[in-house]
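Me: I would like to learn how to read a protein model, starting with its charged side chains. Please show me the structure and take me through it.

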Amino acid sequence: MLKYQQIANEIEQYIREQNLKQGDKLPVLEQMMNQYAVSKSTITKALELLERKGIIFQLRGSGIFVRRHNRPGYMSLFSTQGFKSNLGNRILTSDVLDVSVMKPDVLVAENLGIDVTDDVYRVERVRYVDGEVLCHEESYYVKAIVPYLNREIVADSIFDYVQSALGVTIGFSDMYLQVGRLTESEAEYLGLHEDDPTLRIETIFHLTNGKPFDYSRITYHYAHSQFVIQANGPYM
């Protein structure tokens, strides 16, 4: 975990432990720099992460304020930090079905901006929250960027690993959503029936330099998936 992520987690924990409410004011930037003994840029990145997660909001010239907490059980749909970072005290587990090195097909290569002769890690897993099936996930990682994965890493948080162990900094993501019905094989993974409703999300995750490194396809269990979308400005 990078320093700014650690600080963001500590600030979020402080808000929770102090039971701070919507509109409560946090210490100013300079106080946080002294408290955590880090640079202005590190604190700024931590605050930007908390703002993206909907934990705080900032008013120029006025300060940093607590934003209303999410409803229990709802996950941030537009997080670039993976599931584990926005589940709070809920327990995330994984049933790892596959971790293997392969050559990508045309679709995967196109989404990752690589050639079909390049190597990728294919990861397939079923994910559970508090023991209930959340989703079936199939992901592809560019091996030149993520050179090593194993079942132990994949069973936990891949994003935590690539950021802390590999020093990879995740920048932004492109997300494609589609509501449909489950195929027979999808239904089997999720413990549902063929033609039950589902939400499918394809996501391409990029580094801060804009280079794609992860292309994922996730199929959600309709009864166990609740999401929140927090906007930082008015819709047009």
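Me: How many salt bridges does the count come to?

Reply: The model is a predicted one. A side-chain nitrogen of Lys or Arg within 4 Å of a carboxyl oxygen of Asp or Glu is a salt bridge. By this rule the count is 9 salt bridges.

Me: Which residue forms a salt bridge with Arg 122, with the closest N and O atoms 2.8 Å apart?

Reply: That partner is Asp 98. Arg 122 belongs to strand β5, residues 120-129, and Asp 98 to strand β4, residues 92-102, so their pairing ties together parts that lie 24 residues apart in sequence.

Me: Are Arg 122 and Asp 98 buried or exposed?

Reply: A residue is called buried when its relative accessible area is under 20%. Arg 122 and Asp 98 are both buried. Glu 124 also forms a salt bridge with Arg 122, where the closest N and O atoms are 3.1 Å apart. Glu 124 is buried as well.

Me: Which residue forms a salt bridge with Arg 125?

Reply: Glu 137 does, and the closest N and O atoms are 3.1 Å apart. This pair links distant parts of the chain, with Arg 125 in strand β5 and Glu 137 in strand β6, residues 132-142, at 12 residues apart.

Me: Why does Arg 125 count as buried?

Reply: Arg 125 counts as buried because its relative accessibility is 3%. For Glu 137 the relative accessible area is 4%, so this residue is buried too.

Me: Which residues do salt bridges that share partners join into one network?

Reply: The network consists of Asp 98, Arg 122, Glu 124, Glu 138 and Arg 217.

Me: Now the whole protein. How many helices and strands are there?

Reply: The secondary structure comes to 7 helices and 10 strands. Of the 236 residues, 45% count as buried.

Me: What radius of gyration does the protein have, and what would a compact globule have?

Reply: A compact globule with 236 residues would have a radius of gyration near 18 Å, and the protein has 19 Å, which agrees. Along the principal axes, the C-alpha atoms fill a box of roughly 55 × 40 × 35 Å.

Me: How far apart are the mean positions of the positive and negative charges?

Reply: There are 24 positive and 31 negative charges, and their mean positions are 9 Å apart.

Conventions
Residues are numbered from 1 along each chain as its sequence is written. This is a predicted model: local features need pLDDT of at least 70, side-chain atom pairs count only at pLDDT 80 or more; totals for chains, interfaces and linings use all residues. Side-chain values use heavy atoms; hydrogens and water are left out. Helices (H or I, at least four residues) and strands (E, at least two) are DSSP runs, numbered from the N terminus. The radius of gyration is taken over C-alpha atoms; the globule rule is 2.2 Å times the number of residues to the power 0.38. Buried means under 20% relative accessible area, exposed over 50%, partly exposed in between (1.4 Å probe, protein chains only). Lys and Arg count as positive and Asp and Glu as negative; His and the chain ends are not counted. The place of a charge is taken as NZ of Lys, CZ of Arg, CG of Asp or CD of Glu.
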